Amino acid sequence: PPSPGWNPTPAGWNPNPPGWNQVPSPGWSPTGWYPEPQSQPKTGTAKTGPLPLHPMGLSDILDGAFKLFRANARAIATVVVVLVVPFQIIGALATRNLLGGRGLLSAINDPSVGSGSTQSSAQVWASVGVYAVNLLLLPFVAGAVAKIVAASYVGDDLTGRHALRAMWHKAGSLFAAWWIWHPIELLGFVLCVLPGLAWMAMFVMVAPAIVIEDLGPIQGLKRSWRLAKRRYWSTLGIALLAGLMAYILSQILSAAPTFGGLFIGLRWGWILLAAGSSAVAILVTPLVSIVATLLYFDARIRTEGFDLQVIATRLANGTR
């Protein structure tokens, strides 16, 4: 046994030397040191806030889409107002004498109102024609919006006027590409929905590829095909979700103006219809184009090192 007065702890010994911390400092592990985690690279402007300059998931793309829309709302609205809104107003104006211009309650109480009217039939066909024109304008809207979004994504700023001018130089390519792949997509939807969806996913990035890389219609289609096929299911899923979101938002925004216009009668209610359709065009139509542009950048980051190109350009220009 220890002799009296023996102490197992030597005098002056401290198990916790000065400066020792119970919590390991960053970079320490029981097996050694590891590098401190670095935040992923970002891009964007002061107006957009930080945008992901790395492979993007669903949340990154949707969050980036709303940031880019908010930051470039004026330029995007300029594009839509110039290209789409006039035809929305014409289409609403063409319906002003439907149901005799009377309200919905009057039409219900008197079913003969507007029935068999040649004028009403002509107005219906006029509305269908305006809708077809709006559909044909979509590739031009997508091209101009992609130009705005691309500039904002890499830290620049582009006005709606300059975007329209840049789109105009590629209008022929955008229109030709639209006519090459959309009829086949429509045929796929008619025969069976799934072939149409499969075809659609391969050409989501056509408009961004044409206006950003200054490509022709065939080159733009091939470019979108090469980028989409490497992440096919992800591209398809995000494109479908963006389309579904746009559809739901359009129904919400147009419900009240449409009902109000029908209720008071289209003789004056067409103004409400025009306002509702214009709001949908400005707030909803660009959403799918912005998502398509971000899918384009995501594919280039994953397969071509586009993020490294942007970082190298910034270093060369002396910016961070």
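**Note on the predicted model**

1. Start with Lys 67. Lys 67 touches Thr 48, Pro 50 and Leu 51, leaving out residues up to four places away in sequence. This is a predicted model. Lys 67 sits in helix 1, which spans residues 58–71. Is Lys 67 buried or exposed? Its relative accessible area is 18%. Buried means under 20%, so Lys 67 counts as buried.

2. Ser 173 belongs to helix 7, residues 171–191. Its relative accessibility is 12%, and Ser 173 is therefore classed as buried. Which residues does Ser 173 contact, leaving aside neighbours within four places in sequence? They are Ile 210, Leu 215, Gly 216 and Pro 217.

3. Next, the overall make-up. The protein chain holds 14 helices and four strands. Of its 320 residues, 42% are buried. The chain exposes about 17,900 Å². Carbon and sulfur atoms supply 67% of that area.

4. Contacts along the chain. Take the contacts with a separation of 6 or more: 71% of them join residues 24 or more positions apart.

5. The nonpolar core. In soluble globular proteins, nonpolar side chains tend to be buried together. Here the largest nonpolar core has 68 residues. Leu 83, Tyr 153, Met 167 and Ile 290 have the most contacts inside this core. Which helix gives the core its largest share? Helix 5, residues 118–153, contributes twelve residues.

6. Met 167 deserves a separate look. Its partners are Leu 83, Phe 140, Gly 143, Ala 144 and Leu 174, not counting residues up to four places away in sequence. One of these partners, Leu 83, is also among the core residues with the most contacts.

7. A helix pair. Two packed helices are described by the angle between their axes and the distance between the axes. Helix 13 covers residues 285–304, and helix 14 covers residues 306–317. They pack at an angle of about 90 degrees, with their axes 6 Å apart. Angles of 65 to 115 degrees count as roughly perpendicular, so helix 13 and helix 14 fall in that class.

8. The contact between these helices. Helix 13 brings Phe 297, Arg 300, Ile 301 and Glu 304. Helix 14 brings Phe 306, Asp 307 and Gln 309. How do the residues of this contact divide by type? Three are nonpolar, one is polar and three are charged.

Technical notes. Residues are numbered from 1 along each chain as its sequence is written. This is a predicted model: local features need pLDDT of at least 70, side-chain atom pairs count only at pLDDT 80 or more; totals for chains, interfaces and linings use all residues. Side-chain values use heavy atoms; hydrogens and water are left out. A nonpolar core is a set of buried Ala, Val, Leu, Ile, Met, Phe, Trp, Tyr and Cys residues joined through side-chain atoms within 4.5 Å. Buried means under 20% relative accessible area, exposed over 50%, partly exposed in between (1.4 Å probe, protein chains only). Helices (H or I, at least four residues) and strands (E, at least two) are DSSP runs, numbered from the N terminus. Contact means heavy atoms within 4.5 Å. Axes are lines fitted to C-alpha atoms, for helices over the stretch in contact, and angles run from 0 to 180 degrees between N-to-C directions. Angles under 35 degrees count as roughly parallel, over 145 as roughly antiparallel, 65 to 115 as roughly perpendicular and the rest as oblique. Ala, Val, Leu, Ile, Met, Phe, Trp, Tyr, Cys and Pro count as nonpolar, Asp, Glu, Lys and Arg as charged, and the others, Gly among them, as polar. Accessible areas come from the Shrake-Rupley method with a 1.4 Å probe; for residues, only the protein chains shown count as cover.
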